[in-house]
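The following paragraphs are a guide to the model shown here.

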Amino acid sequence: MTDYLPFIIFLMILAVFLRAESALTVIYMVVGTFIMGFWWNNRALRHVEISRKYVSHAFLGDKIAVLLEIKNKSILPILWLEIHEGLPVDLRAGSGVKQVFSLSIREVKEIRYELIPRKRGYYPLGPLVVSSGDPLGLMQPTQKEYPSSPLTVYPQIVPMESFRLPSRSPFGTIKHPNPIFEDPSRILGKRDFQIGDSIRHIDWKSTAVTGQLQVKLYEASISLEVAIVLDLDRDSYDIKNFYKDTELAVTAAASVAAWGKRHRQPVGMMTNGADPQQGGRMPPILQTKKGTGHFIQILEILARIQPGDNLPIEPLIQAALAELSWGATLVLISGTLQDSTLNLLHQTKKRGINPAMIFTGQSANYRSLKIMADYYKIRLFKAAYPHDLKTIGIA
Amino acid sequence: MNDKAKIDQPFQSKHIQMTLNILMISVMLTCLAVIIEKMMQVVYPMWGMYWFPVLTFLLTALTLLIRRAQRKTPRAFSNRTIFILTEIILIILITKAISMLVMVVFGYLSIWQEITSWPQNFLENFFNIDFLLRASGIFLIWLLTWLFSAPLNKLEEDHALMEQEKLGYTFTDRYDARRKLIHLIFNIGILMIILMVLWKSNLPWFDEESISTRSFLLVLLIYFFTAYLFLALNQYAIMKARWFFSDIEVNPELAKHWLFYSLFFILFVILVIVFLPTNLPLGISTIADWLSEAILYISSILFSILTFPIFLILALISRLFGRGTIEESFQPVQPRTDILPQVIGSTPWLDVVQTIIFWLVFFGVVISAITFFIKNRPNLNHLTSDLKLFALIKEFWHWLIRSLKEAKSASSETIQKGLENFQTFLRNQKRKLPSLIDLAKRLPPRQAVIVIYIDWILWNRQNGFIRKESQTPYEYAQAYAQQLPEIAAQEESLSALTDVFIQARYSRRPILKEQAQQAQNLSKQLKKSFTLKDDLPNLKESQP
């Protein structure tokens, strides 16, 4: 339609020149429509405000309700507004959010949709692409992109019922059969003094009451300081099952962390995966700590972390050694066990750390690896599928 | 079920939309017919088809309906050529019948005479000039309807076809159809505007009075109003198809809103343009003359004002040296008032204002249109940025905007300052309430003494000597004397004032008028000495 503008301008000049002023009204109408359409088209989206309301963290399978609030702040109505919310495939529940509607003066439109996460991850909701135009189609519709907002989906947690980890840290909360880890703060009961009992165990009050020497019996307990080392290097996994095995490794890490939390033990984590929030770099090492907050922090990293061509795991284990105290347990989760890694784990044992490994995937040489691990007295668990984690530790 | 409803929803209003489209095209062509009919009446008075617009409306609607039926039921209209020929023959016969009727009405010929003349020379007698002119008018409308019908059919919603198109079996270029419609509408519209411009111009060979300006204008406005509404609805049809192909959910209220907002949009434009000045009381040359002479007049006044003191001094000097011809030799230049009455006096001010507004609006619209056009042409935009002239214009424009902004900020600052000053003035006015001293004059002696003392305290406070809440009058007097040793000479006055205040405030002894007067005098003395104290160092410093 704009092709006609020069001609219309010429007509305007002609009308003035020939003093046919009344024709100007019509010409003004033609030109005015263009100008008004142009103005409306350019202005419409400037005053649209969009907000996305949702719970930004979720577990697998949770239903996430998202509310999109689209507000026209202007006194100019919006004839049509096409919105298209870009949603990751792993979150979609039904068709995507694509709608067209009009917004009157200062109207607020609410669009609700649901998401069902099927895979852990750090997802962007959006971007929301909005387009609008004038009623006559005088101009190309204008488009605006509203930024995406993140959604964190935590990894799957499998309850590890029969999972046991070696530890040499005394005075903890986990019962231990070895009386060497007797904890004087956990009194199990009392009995008569026998020759050979330590004088320090005599309960003088009970002795005074009964008139016979009584000794306290202590419960043996250990503290299990667990450091999870998650290997997500591409070279550590079988290329055929890379995606499946790395996901299983992440699930195993989350499950071990949950196990530690359930037993009220301090858990730390380090991984060589790429964190999108850190610009693809490695996430920071999380020191061993107790508490729900710390556990959530571990889950957040596990939700975001991506496998790829990352650093080998050995330097990370060495870094972990510097952080861990004597008697702590190091759990390596990986899809392979190189000789160098095995040597390193053996060295950690010499330094008072208890190494263990969860082998995720279906490696053909697992049997030989098991033999080697047994030789070095390193506990090796295997999980080929997530449900294997449930029964892990059962001999 | 819901999904089906969503899919069906965009097609619910298709019949209404089709009917509206047919009606709107009929109205548009009727507008054209009105102008053709009016002009033909002037050019060829034997034209006689007063009901040509009505016929156009019916013919257009009928032709569009037939085209639609042809498309919908291709089997019934299998041989298109025969059908078109039938249509042409029908039009010819109807036109002939109308022509004969007109001839009878005008009393030129009887129907029987006409019919009997055909066998003698059929071509000449049947296709005479009157008939050919009328037939041309009707054929023109018929052809235009044809041109409208093809793209219109493409834009019509056909669920089955659209489903096939979605699957990729067929393709309808809706944008091309719309483009064709736009070209058609604008070509007809511009033709009508040209006719109006020529007809309403001052050119000698057009009789301006034959068609009233208002009816011409009204017809054109109706044409463009209908055309824009038609284009708006077609745009909706295109967008709806696009949304259907992209599986985008369309709000059921959108069709209604589209129609409503389009109407609002077009009516708003009409409302604005109705108030735009189109009246040009003065021609370009007249307004240019007026402007140049106004400038000349103002400059002559300014020159007179500037030269007046010089001439005055020269005249005084001449008188001083005894020259008698000063009136003749040193007369200041008088403003040239002779030039103004001829132009300004004969030009009504209202016309001048109207003309200036007209030109402002005219150039505003032209510049906006050019800007819009350039903005829509990225290549042109690039070209204009390369040209020096455009760069200069752009620079000038930016300078103008900048200057306007600066002027705006400067004026707002000035206004703000003015307001602040005014507020300060008002505040000061409020402060100028009767002072405590004045109040004291009207009070009984006891209250007068108290008020005088309070006034003195407040005065001290204003001058930097603040009384603490805990200080008694004597403590205050003591502090005053210590703080200001320069006025130690006034110590007696200080204690006297304090005593009289204590007496008035705390004792039951009667207070006499004289005591009140004394308190006032003491207060004055103290204030004076306080003021002098400030001047003393300055005096000292000023001494050599």
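Which residues does Val331(A) touch, leaving aside those up to four places away in sequence? In this predicted model, the contacts of Val331(A) are Leu165(A), Val226(A), Ile228(A), Val229(A), Val256(A), Ala356(A) and Ile358(A). Val331(A) also belongs to the largest nonpolar core, a set of 169 residues. Together with Ile27(A), Ile228(A), Val229(A), Ala253(A), Met269(A) and Met196(B), Val331(A) is among the members that touch the most others. The greatest contribution to this core comes from helix α10 of chain B, residues 213-245, which supplies 16 residues. A separate, second core has 22 residues, including Ala448(B), Val451(B), Trp456(B) and Ala504(B).

Next come the sheets of chain A. One is an open sheet of 6 strands with mixed pairing, in the order β16-β15-β14-β17-β18-β19. Its edges are β16 (286-289) and β19 (379-383) of chain A; each has a single partner strand, so one side of each has no neighbour in the sheet. On average, with direction ignored, neighbouring strands here are turned by 20° against each other. Helix α6 of chain A, residues 314-323, packs on this sheet and touches β14 (226-230), β15 (267-271), β16 and β17 (329-334) of chain A. The direction of α6(A) makes about 165° with that of β14(A).

Helix α8 of chain A, residues 366-375, lies across both β18 and β19 of chain A and runs at about 155° to β19(A).

Another open sheet in chain A is made of 3 strands, ordered β1-β3-β6, with antiparallel pairing. The edge positions are taken by β1 (48-53) and β6 (108-115) of chain A, each with a single partner strand, so one side of each is left without a neighbour in the sheet. From one strand to the next the twist averages 15°. Strands β1 and β3 (residues 64-72) of chain A are antiparallel and are joined by 6 bridges. Ile50(A) has Ile70(A) of β3(A) as its bridge partner. Strands of a sheet pair through backbone hydrogen bonds, in either a parallel or an antiparallel sense.

Chain B has another make-up: its secondary structure comes to 22 helices and 1 strand. Of its 544 residues, 24% count as buried. Among contacts in chain B with a separation of 6 or more, 72% are between residues 24 or more positions apart. Helix α15 of chain B (residues 349-375) has 27 residues, which at 1.5 Å a residue should span 39 Å; the C-alpha atoms at its ends are 39 Å apart, in agreement with that expectation. Buried residues in α15(B) include Thr355(B), Phe358(B), Phe362(B), Val365(B), Ala369(B) and Phe372(B). An α-helix has 3.6 residues a turn, so residues three or four places apart point the same way.

How do the chains meet? In total, 50 residues of chain B are in contact with 45 residues of chain A. On the chain B side, the elements giving two or more residues are α9 (174-200), α10, β1 (249-250), α11 (254-275) and α15. The most come from α10(B), which gives 11 residues. By class, this side of chain B has 35 nonpolar, 12 polar and 3 charged residues. Strand pairing also links the chains: β5 of chain A (residues 97-103) and β1(B) pair in the parallel sense over 2 bridges. In this pairing, Val100(A) stands opposite Val250(B).

Two backbone details remain. Most residues other than glycine have a negative phi. Arg106(A), not a glycine, has a positive phi of about 55°, and is found in the loop between β5 and β6 of chain A. Because it has 12 C-beta neighbours inside 10 Å, Arg106(A) counts as exposed. Asp247(B) likewise has a positive phi of about 55° without being a glycine. The loop that holds Asp247(B) lies between α10 and β1 of chain B. With 12 other C-beta atoms within 10 Å, Asp247(B) is exposed.

Key. Residues numbered from 1 in each chain as written. Chains lettered and ligands numbered in written order. Predicted model: local features only at pLDDT ≥ 70, side-chain atom pairs only at ≥ 80, totals over all residues. Pairing = 2+ DSSP bridges. Helix = DSSP H or I, 4+ residues; strand = E, 2+ residues; numbered from the N terminus. Axes fitted to C-alpha atoms, helices over the stretch in contact; angles between N-to-C directions. Expected span 1.5 Å × (residues − 1). Buried ≥ 20, exposed ≤ 12 C-beta atoms within 10 Å, placed from the backbone. Contact = placed C-beta atoms within 7 Å. Core = buried A, V, L, I, M, F, W, Y, C linked by C-beta atoms within 7 Å. Nonpolar A, V, L, I, M, F, W, Y, C, P; charged D, E, K, R; others polar.
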